[in-house]
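Morning, everyone. I have one structure to go through, chain by chain. Please have a look at it first.

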Amino acid sequence: MIMEYFILAAMWVFGFVGFILFIPHKDRRKGFLALMVFQAFIWLCDMPSFTFGLLSAPVWEFPKATDLAITINYFFYPVLFSIYYVNQKPQETKWTRFTYFFVWISAITIFDIIIEKYTDLLEYGFLTWYGMWIYIVFLFFVSQACCNWFFKDKALFQAERRET
Amino acid sequence: MRIEWWLLLSVYALSTGILFFIPKNKIRLAIVAFLFKQIITFLIGLVVVELGLLEYPIRLFSSINRTSFTYEYYAFPVTCAIFTVWYPHD
């Protein structure tokens, strides 16, 4: 039990540090928007999947209020997505971008599986490891599409870039 | 169906209806307001329920979540988005 709370605290600390270190100052707003978009999607998708027993989270931050994994959903994965989104290079070739996407997705899935296996923070129900992989691919893909749409009109976001 | 479920349904219909009154050139402003509100209200909503200040006896996803998904995820952020979009600057 102590171990799980330690990991949760570490997630918050590493999330904050990662957000500050790996997102350049001029892209801070872009990163924050990516975080919020991913956060909105992961809630929407996790509600039904927790309800129907695809996965569950035995250790809760708010035991009375919710059974969802708050730290992971609300903070840690969104931060990872925003680091991913800000640091990708759209001008690269298709294969480089695909590899970048693939490596990120696989790393997060492995992290998720380790958490599931060795701690009580997550527990898979019907979900298998490739199910989780597909789930994360879906979340990343949808969020990325939305962020790309949001930042589509480059002229709108030029002013801020010039100032910083 | 109990009246509460009809109310929830009408909240969804009303909020979605409001979305159509957002002018097209302000759609990005509305999205940012929506997401900001959502990130705040979700956490505060959980804290409020956790401390026992508030209860939602009838709610969506009731087996796993004791807060009101409808209100915190959709209705309140939509209200905030429309408020921000229509706010009379100057």
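Helices here are DSSP runs of H or I with at least four residues, strands are runs of E with at least two, and both are numbered from the N terminus. This is a predicted model, in which local features need pLDDT of at least 70, side-chain atom pairs count only at pLDDT 80 or more, and totals for chains, interfaces and linings use all residues. Residues are numbered from 1 along each chain as its sequence is written, while chains are lettered from A and ligands numbered from 1 in the order in which they are written.

I start with chain B. From the N terminus on, its elements run α-α-α, that is, three helices and zero strands. The C-alpha trace of chain B spans about 40 × 30 × 20 Å along its principal axes. A residue is buried if 20 or more other C-beta atoms, placed from the backbone, lie within 10 Å of its own. Chain B has 90 residues, and 28% of them count as buried. Two residues are in contact if their C-beta atoms, placed from the backbone, lie within 7 Å. Of the contacts in chain B between residues at least 6 apart in sequence, 73% join residues at least 24 apart.

Now chain A. Six helices and two strands are found there, in the order α-α-β-α-α-β-α-α from the N terminus on. The radius of gyration of chain A, taken over C-alpha atoms, is 17 Å, close to the 15 Å that the globule rule (2.2 Å times the number of residues to the power 0.38) gives for 164 residues, so chain A is as compact as a globular protein of that length. Its C-alpha trace spans about 50 × 30 × 25 Å along the principal axes. Of the 164 residues of chain A, 30% count as buried.

Note on methods:
A residue is buried if 20 or more other C-beta atoms lie within 10 Å of its own, exposed if 12 or fewer, and partly exposed in between; C-beta atoms are placed from the backbone.
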